[in-house]
Amino acid sequence: MQDLLHFLTAGSVDDGKSTFIGRLLHDSGMIYEDHLKALKKDSKQKSSVKADIDLSFVVDGLKEERLQGITIDVAYRYFTTKKRKFIIADTPGHEQYTRNMVTGASRASLVVLLIDAQKGVTIQTKRHAFIASLLGIDHAAVVINKMDLVDHSEKVFNKIVSDYKDFSSRLITRDVHFFPVSALHGDNVVKKSENTPWYKGEAFLPFLENIYIASDKNHIDLRFPVQNIIRANGGFRGYAGTLASGVLRKGEAVTILPSKRTSKIKSIITYDGELEKAGPDEAICVTLEDDIDVGRGDMIVSSRNQPTVLNELGAMLVWMDAEISLSKGYQFLLKQTTRTVQGTLKEIQYRTDVHTLRRTKADSLNMNDIGRVKIELHQSVFADTFDRNHSTGSFILIDKITNRTVAAGMVLARDAAPEKQTAKKKNDHISSHKSLVPKKLRQELLSQKGAVVWLTGLPCSGKTT
């Protein structure tokens, strides 16, 4: 079975990202004849490129993208070679669309950074390299494009490599590879080019086919966020979702969060039938040996290896909204795996200058800003730090009024505060909410006292009815 590699392209405007992907697909024979005919027709009508086909149109599908000659939205393309399956996310180069890169990078194992050989390393190159590092992408391919415009100069290539290494030495992405390329003419894209005899490395496509990514996934920490409850005739009750990390085995002892009830895995069911075990990113439905109340947003974990239960966390945030700024006291919905809770921004500790990587004090974050923050949650989440587990260590913030996704965040180790425990055992199904009106004043205003009525009974005994 072929493995799957997600990768994204990023870089400054006009570095040739879309043309590069178009060349990759065209020269590897991954564009169908009818698509080629349509591309040739569009190229004659709308393209400024003096060629039979404008390869950038392969991924720039929106009408406005073709008219302006830029990429606006994230474009996804799928292709397969004899060795591997691929999903490409082509992300915009304009600074105003940097937030779209965060979207495209969410599942990527490799970032392909394109650099115009005439311009060298730019501010946007640094921005994209920093975001890729921040998002925990372990592998980077730096494609120095338009080498034909600098006479395939080894000196120019080496200068750009040196400049990039000087900047990236402060980033966590360590596995970096460099390629001298001309996307327009196909040099070193699918096959080695005779125009760069000084380049001793391989072409880009063979590199893609052979790069090792199997160790990137977390096979240790069992984390299964419950997405849906499956009910069927005969009393069947299963819990469906995507296994975030770890390996789940039939008969394994598990704990359900937040209830902390324990059970064992009775069965692991997929579309193709039952499994003895499942691995990361597999969509499965599991059943338990015991009748336990499990709902969407709960998490099934190993009884021997559990995430931290947090109601306050420290995180790095990429702010993505153009209309709203983030400041202290801002209230939002935080979505982490399948769990959504309310939260409040407690503090902005600093903002990072992506050009210099220096930290500066900040009272607010605006669009495309990256900063370290402290967040207070009204209910607990079950998280690992992002460097250990990308799935349970990442989250998004949603504005409560507009329902827009306004930020993407990564949980940091030092500021993760475990859930506070009181001397008296806390019931996981009951949580208190602070009110601006004191209890005594409310009683006086309404001339009444509060009470709790508990209606209980066995499952299917008709409580709701």
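The notes below take the cavity search and then the ring pairs.

**Entry 1: cavity**

I worked throughout with a predicted model. I searched the whole structure for cavities of 30 Å³ or more and found 1. I noted about 50 Å³ of space in the largest cavity.

I then listed its lining. Val-111, Leu-113, Ala-129, Ala-132, Ala-140, Tyr-164, Ser-168, Leu-171, Thr-173 and Val-176 line the largest cavity. I asked which elements each supply at least two residues of this lining. They are strand 4 (110-116), helix 5 (123-134) and helix 6 (154-168).

I sorted the lining by class and counted 8 nonpolar and 2 polar residues, with no charged residues.

**Entry 2: aromatic pairs**

I searched the whole structure for aromatic pairs and recorded 11.

I next placed the two residues along the chain. Trp-319 belongs to strand 17 (residues 308-319), whereas Tyr-330 sits in the loop between strand 18 (326-327) and strand 19 (331-336). The pair thus links distant parts of the chain, 11 residues apart. Are Trp-319 and Tyr-330 buried or exposed? I found both of them buried.

I also followed the ring pairs for a cluster, and I noted that they link Phe-20, Phe-179, Phe-204 and Phe-207 into one.

How values were computed: Residues are numbered from 1 along each chain as its sequence is written. This is a predicted model: local features need pLDDT of at least 70, side-chain atom pairs count only at pLDDT 80 or more; totals for chains, interfaces and linings use all residues. Side-chain values use heavy atoms; hydrogens and water are left out. On a 1 Å grid over the protein atoms alone, a cavity is a set of points where a 1.4 Å probe fits but cannot get out, and a pocket is an open set with protein on both sides within 12 Å along at least five of seven lines; lining residues have an atom within 4 Å of a point. Grid points are joined across faces, edges and corners, and a volume is the space filled by probe spheres set on the points. Helices (H or I, at least four residues) and strands (E, at least two) are DSSP runs, numbered from the N terminus. Ala, Val, Leu, Ile, Met, Phe, Trp, Tyr, Cys and Pro count as nonpolar, Asp, Glu, Lys and Arg as charged, and the others, Gly among them, as polar. Rings of Phe, Tyr and Trp (its six-membered ring) pair if their centres lie within 6.5 Å; planes under 30 degrees apart count as stacked, over 60 as edge-to-face and the rest as tilted. Buried means under 20% relative accessible area, exposed over 50%, partly exposed in between (1.4 Å probe, protein chains only).
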